[in-house]
Amino acid sequence: MQSWLPIPESASTVSGDVDALYFYLSGITVFFTLLISAVIIYFVIRYRRRNQFEIPRPIEGSTKLETLWSVIPLLIAMTIFVWGAKVYFNMYRPAQNAIEIYVVGKQWMWKFQHATGQREINELHIPVGRKVKLIMTTEDVIHDLFVPAFRTKIDVVPGKYTSEWFEATKPGRYHFFCAEYCGMNHSGMGGYVVVMEPAEFENWLSGNAGQASPAVVGRGLFESLGCASCHGANAEGGRGPALIGVYGSKVVLKDNQSVNADESYIRESILNPQAQIVTGFGPIMPSFQGQVSEEQLLQVVAYIKSLSTAKPEVSTAKPPPALAKPSPTAKPGASPK
């Protein structure tokens with residue numbers, strides 16, 4: 001069908017579902033357009049005035065007809081809603097066991113970084129048959145990453161993380177571009193997704209080795225910014241919550257509410273630490289707003305995510321103070337010094 005229709009190539013696991021819904025909507029539109037046009041033409045001919053003195057016969061309303069043209073459109077609209085909701089949730093439900101790639105949009109380019117450290121600009125290499133999750137943010141204005149062949153697009157919004165996922169079904173080179181007007185060179189803000197066979201992709205990764213992964217760079221930033229003095233991996237600093245296992249867990253806040261510690265929570269905790277204070281700790285953390293770029297934030301987030309080897313339900317309780325032990329030479333009843 002795509003050979004004679006002006007639509008992009010279908011190259012992902014969700015593109016077929018999107019196309020089917022699109023053709024269903026198009027079919028309904030064409031059917032009712034032709035039906036209504038034919039009925040209008042028939043009525044114009046059948047009930048035309050044959051002479052100037054003819055008076056039309058009064059026609060009473062029909063309950064059956066009115067019920068029919070109310071129920072049928074309702075049923076058609078509900079099929080569209082249910083089908084569309086199913087496709088939507090399938091596309092935007094977070095993918096499990098996906099390859100995570102960090103994306104930063106900037107006037108006017110796309111910067112990608114793989115979890116193993118490889119960096120790309122306006123080009124993204126991925127393996128065929130593997131789910132890929134893009135964790136995206138922008139350094140300036142709203143952008144939108146649209147891959148027509150995958151039928152996926154989502155806004156990339158300043159001040160927050162958005163994500164989209166896809167799974168390519170065949171190797172090839174597929175165009176992507178910014179679908180949100182973002183300034184003078186908006187039309188040039190594009191590139192290509194290069195889908196490769198798994199073995200070929202692994203060779204590409206090994207050939208581009210030597211770059212530090214986001215988690216490794218994030219660890220350096222974490223230490224250079226002084227975060228380790230309060231947030232030791234196991235809360236050694238005593239002034240901030242432990243970070244091992246915090247990503248993906250439920251964190252209890254000071255107001256007894258709980259939040260999921262995802263990328264957005266970690267980002268807000270770095271830039272606006274007073275917004276969601278963890279129970280058991282005071283509002284002493286300074287804001288790092290303006291001290292780190294969006295790319296550096298992603299690297300710190302990647303480092304904190306790498307600490308989540310275990311995921312306790314709550315890993316933010318402040319450790320109790322250690323009790324002093326009496327000296328072996330102290331007499332019974334004597335106070336420790």
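How many helices and strands are there in the protein chain? There are 6 helices and 12 strands, where helices (H or I, at least four residues) and strands (E, at least two) are DSSP runs numbered from the N terminus.

## The model at a glance

This is a predicted model, in which local features need pLDDT of at least 70, side-chain atom pairs count only at pLDDT 80 or more, and totals for chains, interfaces and linings use all residues. Residues are numbered from 1 along each chain as its sequence is written, and side-chain values use heavy atoms, leaving out hydrogens and water.

Of the 337 residues in the protein chain, 36% are buried. Here buried means under 20% relative accessible area, exposed over 50%, and partly exposed in between (1.4 Å probe, protein chains only). Among contacts (heavy atoms within 4.5 Å) with a separation of 6 or more, 67% are between residues 24 or more positions apart.

## Aromatic pairs

Let's turn to the rings. A pair of aromatic rings is described by the distance of the centres and the angle of the planes. Rings of Phe, Tyr and Trp (its six-membered ring) pair if their centres lie within 6.5 Å; planes under 30 degrees apart count as stacked, over 60 as edge-to-face and the rest as tilted. By this rule there are 13 aromatic pairs. In one of them, Y24 and W83, the ring centres are 5.0 Å apart and the planes meet at 40°, so the pair is tilted. This pair links distant parts of the chain, with Y24 in helix α1 (residues 15–46) and W83 in helix α2 (residues 63–92), 59 residues apart. Y24 is partly exposed at 26% relative accessible area, and W83 is partly exposed at 30%.

F222 and Y303 also form a tilted pair, because their centres are 5.2 Å apart and their planes lie at 55°. F222 belongs to helix α4 (residues 214–224) and Y303 to helix α6 (residues 294–306), so the pair ties together parts 81 residues apart in sequence. F222 is buried at 5% relative accessibility, and Y303 is buried at 12%. Elsewhere, Y42, F43 and Y47 form one aromatic cluster.

## Where α4 meets α6

The helices that hold F222 and Y303 pack at an angle of about 100°, with their axes 7 Å apart. Axes are lines fitted to C-alpha atoms, for helices over the stretch in contact, and angles run from 0 to 180 degrees between N-to-C directions. That makes α4 roughly perpendicular to α6, as angles under 35 degrees count as roughly parallel, over 145 as roughly antiparallel, 65 to 115 as roughly perpendicular and the rest as oblique.

From α4, the residues in contact include P214, V217, L221 and F222; from α6, they include Q296, V300 and Y303.

## Charges over rings

Two arginines are worth a look in your viewer. The charged end of R173 sits over the ring of Y192, 4.4 Å from its centre, and that of R267 sits over the ring of Y161, 5.6 Å from its centre. A charge sits over a ring if NZ of Lys or CZ of Arg is within 6 Å of the ring centre and within 35 degrees of the ring normal.

## Backbone details in the loops

Most residues other than glycine have a negative phi, and most peptide bonds are trans. Q107 and W108, however, are joined by a cis peptide bond with omega about -5°. W108 is in the loop between β1 (99–106) and β2 (109–114).

N97 is not a glycine, but has a positive phi of about 55°. N97 is in the loop between α2 and β1 and is exposed, at 73% relative accessibility. R151, also not a glycine, has a positive phi of about 60°. R151 lies between β6 (143–147) and β7 (152–156), in the loop, and is buried at 11% relative accessible area.
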